[in-house]
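Keep the viewer open as you read.

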Protein chains: 2
Amino acid sequence: MFRSHTCGELRTEHIGHEVTLAGWVHRRRDHGELIFLDLRDRYGITQVVFDSITAMAHKVAEESRSEYVLQIRGRVRARPAEAVNPHLGTGTIEVEALEAQVLNPSRTTPIYIAQEGGEDEMIRLKYRYLDLRRERMQRNLILRHRVIKFMRDFLDEEGFLEIETPILIKSTPEGARDYLVPSRVHPGKFYALPQSPQQLKQLLMVAGYDRYFQVARCFRDEDLRADRQPEFTQLDMEMSFVDQEDVIQLIERLFIELCRAVVPHKHVPTPFPRLTYAEALARYGSDKPDLRYGLELINLSDLLMATPFQVFQQALANGGEVKGLCIPGCGSYSRKQIDELTEFAKIGGARGLAWAIVPADGGEVRSSFGKNLGEGEMSAIVERMAAQPGDLLLIVADQPTVVAAALDRLRREFAQRLKLADPNTLNFSWVLDFPLVEWNEDEARWDAVHHPFTAPQDADMHLMATDPGKVRAKAYDLVLNGYEAGGGSIRIHRRDVQQQLFDLLGITPELAQAQFGHMLEAFEYGAPPHGGIAPGIDRIVMILADESTIREVMAFPKTQQAVDLMTAAPSPVDERQLKELHINLR
Amino acid sequence: MFRSHTCGELRTEHIGHEVTLAGWVHRRRDHGELIFLDLRDRYGITQVVFDSITAMAHKVAEESRSEYVLQIRGRVRARPAEAVNPHLGTGTIEVEALEAQVLNPSRTTPIYIAQEGGEDEMIRLKYRYLDLRRERMQRNLILRHRVIKFMRDFLDEEGFLEIETPILIKSTPEGARDYLVPSRVHPGKFYALPQSPQQLKQLLMVAGYDRYFQVARCFRDEDLRADRQPEFTQLDMEMSFVDQEDVIQLIERLFIELCRAVVPHKHVPTPFPRLTYAEALARYGSDKPDLRYGLELINLSDLLMATPFQVFQQALANGGEVKGLCIPGCGSYSRKQIDELTEFAKIGGARGLAWAIVPADGGEVRSSFGKNLGEGEMSAIVERMAAQPGDLLLIVADQPTVVAAALDRLRREFAQRLKLADPNTLNFSWVLDFPLVEWNEDEARWDAVHHPFTAPQDADMHLMATDPGKVRAKAYDLVLNGYEAGGGSIRIHRRDVQQQLFDLLGITPELAQAQFGHMLEAFEYGAPPHGGIAPGIDRIVMILADESTIREVMAFPKTQQAVDLMTAAPSPVDERQLKELHINLR
């Protein structure tokens, strides 16, 4: 037996007991005859005192350095009153060492464990096993465990079954982002790794499993981002005999109870606010708006229908719009600062940024475009935007998608600069009524906005043939603090409707048969109405942990830089392996 | 809302209630004016009665066929006394239909749902979503869910954290059975899919996570068997500051409590019997013996040291042995039957099979070899084998591994023929003291019996240099009813010991650095003593479900035959995809 207690366990009630501890040397204070070691494990830190009476143990303490692994037998005693540490669970006691041995020494670690440094992320990834010893990383991984455990317990309680679906699935021609896996047993053939178990979970509904979930690993062969990794984990769910409201209600309960259990100090507004897709774009310029703050987009188009200002005039004449943001208290921005904002807006696709400042001293409005406006237009704008003295007005005139993208960027930027978002609020919201399809200009065809199994809304079925762009889908996105936390939909369960959508998407019957024949066939054998959702676990844990990249909540993430790290990236294979692959390129 | 209750929910207390049900038509009895439908979902079956008073509903019932999906509004009423079905949870009530609609029709299904047929497995796999509707398959998948849920709850309770490790890992040259995954983002480079998270979980121990587990998907690019799929699921575990006994005790408690919870009707002998590897091979010819029955191998070598019978004599002279089985009550076997057994033993590697029959009538022993034996040898054999009148004795003389393999095959065969194994017993056992390394004749080198991270036993360390074949490992296998249910070991945690083992295995320092450098380095930064185990979930659920192939406990298994099934096997990729892979074969 290596230990009788963990390093986080001993309390006043253990005083007088003889105990055995094992752990890492966290800190060491050498006062000659008296040596203090803080012994650390996942559960906490215990102070161990070595005096010269137990010479052997004292020698071990003398030789030990940070991160040595020690086993210590000792007696628990009260700390002197002045040494009590109220921040530590074990802060009222210390262990008087009687015996000690080094289980494993440690070289000087390339990163400090006891203190977060500013070291390069490459070093943190290379020595991930050291980085993961840090208290913050342990807290994050424990939080992740708790979050997923809670989800499982909740769904089990609700009658869901967790069913494993294959990781090696059939590759389909449309899978541009699929990882392909050559088979050695079937030379020249490939598996694909799933981007999600979408079709498989629908087949489980056809099979009558009624309520399915899976903490599912999914894969996309594409570039990394702070909130995206080539493999990611989602809470994949599907339910039969439900409509949109059933899924929404269940998920809402799940996340409310989850937050209460794992991050009780956070504030979760309920019920989750709901926005339509059109409303979200109009008010926030985004289909995943952060609702922790206002700073809404203000439409000025109707005020400027007759403006002489050519930029606004042309935008409106071409079906565009003029919208703006009123930034409180930023009227003191310099020309240079405003120029930087213009560049920033241009990255978002805008051709320019009109600005106006309402001076704090109540003077005349200064602006980049005032002189071009017609009579009374500036005061109408100031009034519409409810601008106060000292405010900065930023205005974009362009096609609606450009206006939305540019102002969304600016809105997020100012939320950060002005610290508008309460870090202790988790604002879950629903975005509803997505369009079913959108026109793909390049390919001159309709594309599915979600995926081709999403059901159209009943009320819009009559538009399928005549005005497909107007058909709303039974699709719903869960949004959390400005991130998409999960997308879901009610699925098509009837072959005729599925066929109709394939026709609309320009998928020929032959292609439909080749790619989705098994799904079409399954719908002919008693497929129940069904729908689901797939919240992204990495991203949700990231937000709950107050981190800004998902790499901080994954044990072994990948980075493009860290090519030769153990788990970080691919490495070359040798000739023999390539031969064994039997890849037949012609 | 599609339903007020499930099809398994209604009881006598609901009589008089108006309810809405949704489900599949399981059976249908049409008596003209009166139609009975059994409506089925995952939760049960409810009898619905349609009479001609509600004409619209009656019409739906008339048109419905098996596996139609219906929604029915009706009133719960008591069944007539003679119609009560005590085998059905809902057997005391029926629902009088008031309204009905077809949610989705069904074509005639290619397999019966209500009844298990003898149809080809290909058909079952092609229409997996229909096969999965069967009660047995639902029971199996629900059992699987329960088993895994129990494991997670148990381990969470014991302070284990579930931590996800990557599926896309670094490929290493030794990974002959690794699936390789070409990366498009890094052309010419490959990931590998893990055969197990072995190294990653050891790194988590170095990182101080103390108690880790994961329900981990693992991959091996090799042929299928009844108890093996190219992807499989294991309960991957690792603990720090433990020795072998700690792991064994925890796992034993886990499985005892698991069985009590999910298969309470099964008998689990406790504590789990323990055998050394040497003992298991000697007594059962196998390192995974089924201990539900005896039929042990009986060693005759010492009786025959001076035998004139050349076959025995030579085997013993060459370091071999003579061992046999006493098969009760099979003394009536014909010459033809015995010849078949001989062929069977030869598949196991034996060159022949000596047999003897003790006649049921008490007459002279008949045998294939008696005339070659020396004085008293036959009676010594009969006595040693405790043969009774009517028994059949089967004897193999050869090298120990051949004797073991042949007699293990025969032992299993007769256990089946004679139904020796109690189907309601789950006999877990431990096989201990495996050798650390074994001599690889072909390559003329020592190979690791488990894997190169397994620790040698302290008592045998002095043999590492002088007699490595005698060194026992801190390795333990969990065996269940004759299957390997999981292998584990205490790992090496010191760099010097790891280096010593690599040297023994003929891994040069350069190769060790290239393949395992990250592990060797990690051991230098305070690696704690640690060990673990990885029970195979597919196989354990298979045994708990009384199935004989793991395909019956997986939702979407793979078969070599079913190449064009959705989830079953690889499919060809097109030229475009191959191009995108950038596989540079030159």
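A salt bridge here is a side-chain nitrogen of Lys or Arg within 4 Å of a carboxyl oxygen of Asp or Glu. By that rule, 14 salt bridges are counted between chain A and chain B. Please keep in mind that this is a predicted model. Over all chains, a search of the whole structure finds 112 salt bridges.

In it, 128 residues of chain A touch 128 residues of chain B. The area buried between chain A and chain B comes to about 11,400 Å², and carbon and sulfur atoms give 58% of it.

Now find helix 4 in both chains. The axes of helix 4 of chain A and helix 4 of chain B come within 12 Å and cross at roughly 140°. The two helices are therefore oblique to each other, and helix 4 of chain A passes helix 4 of chain B in a left-handed crossing. On the chain A side, the contact is made by A:His145, A:Arg146, A:Lys149, A:Arg152, A:Asp153 and A:Asp156; on the chain B side, by B:His145, B:Arg146, B:Lys149, B:Arg152, B:Asp153 and B:Asp156. What classes of residue make up this contact of helix 4 of chain A with helix 4 of chain B? There are 10 charged and 2 polar residues, and no nonpolar ones. Among these residues, A:Lys149 forms a salt bridge with B:Asp153, with the closest N and O atoms 2.8 Å apart.

Helix 4 also packs within its own chain. In chain B, helix 4 (residues 135–157) and helix 6 (residues 244–262) pack at an angle of about 140°, with their axes 10 Å apart. That makes helix 4 of chain B oblique to helix 6 of chain B, and the crossing is right-handed. Residues in this contact include B:Leu143, B:Val147, B:Phe150 and B:Phe154 of helix 4 and B:Leu250, B:Leu254, B:Phe255 and B:Leu258 of helix 6. By class, the contact of helix 4 of chain B with helix 6 of chain B has 12 nonpolar, no polar and 3 charged residues.

Over in chain A, helix 4 (residues 135–157) packs with helix 14 (residues 537–544) at an angle of about 125°, and their axes are 10 Å apart. That makes helix 4 of chain A oblique to helix 14 of chain A, in a right-handed crossing. Among the residues in contact are A:Leu143, A:Val147 and A:Met151 of helix 4 and A:Ile537, A:Val541 and A:Leu544 of helix 14. The contact of helix 4 of chain A with helix 14 of chain A has 7 nonpolar, 1 polar and 2 charged residues.

Next, a salt bridge inside chain A: A:Arg75 pairs with A:Glu18, the closest N and O atoms being 3.9 Å apart. The pair links distant parts of the chain, with A:Arg75 in strand 4 and A:Glu18 in strand 1, 57 residues apart.

Finally, the backbone. Most residues other than glycine have a negative phi, and most peptide bonds are trans. In chain A, the peptide bond from A:Thr270 to A:Pro271 is cis, with omega near -15°, and A:Pro271 lies in the loop between helix 6 and strand 12. In chain B, a cis peptide bond joins B:Thr270 and B:Pro271, and B:Pro271 is in the loop between helix 6 and strand 12 of chain B. B:Leu295 is not a glycine, yet has a positive phi of about 50°; look for B:Leu295 in the loop between helix 7 and strand 13 of chain B.

How values were computed:
Residues numbered from 1 in each chain as written. Chains lettered and ligands numbered in written order. Predicted model: local features only at pLDDT ≥ 70, side-chain atom pairs only at ≥ 80, totals over all residues. Heavy atoms only, no water. Axes fitted to C-alpha atoms, helices over the stretch in contact; angles between N-to-C directions. Helix = DSSP H or I, 4+ residues; strand = E, 2+ residues; numbered from the N terminus. Parallel < 35°, antiparallel > 145°, perpendicular 65-115°, else oblique. Left-handed = near helix turned anticlockwise from the far one by under 90°. Contact = heavy atoms within 4.5 Å. Nonpolar A, V, L, I, M, F, W, Y, C, P; charged D, E, K, R; others polar. Buried area = accessible area lost by both parts, 1.4 Å probe.
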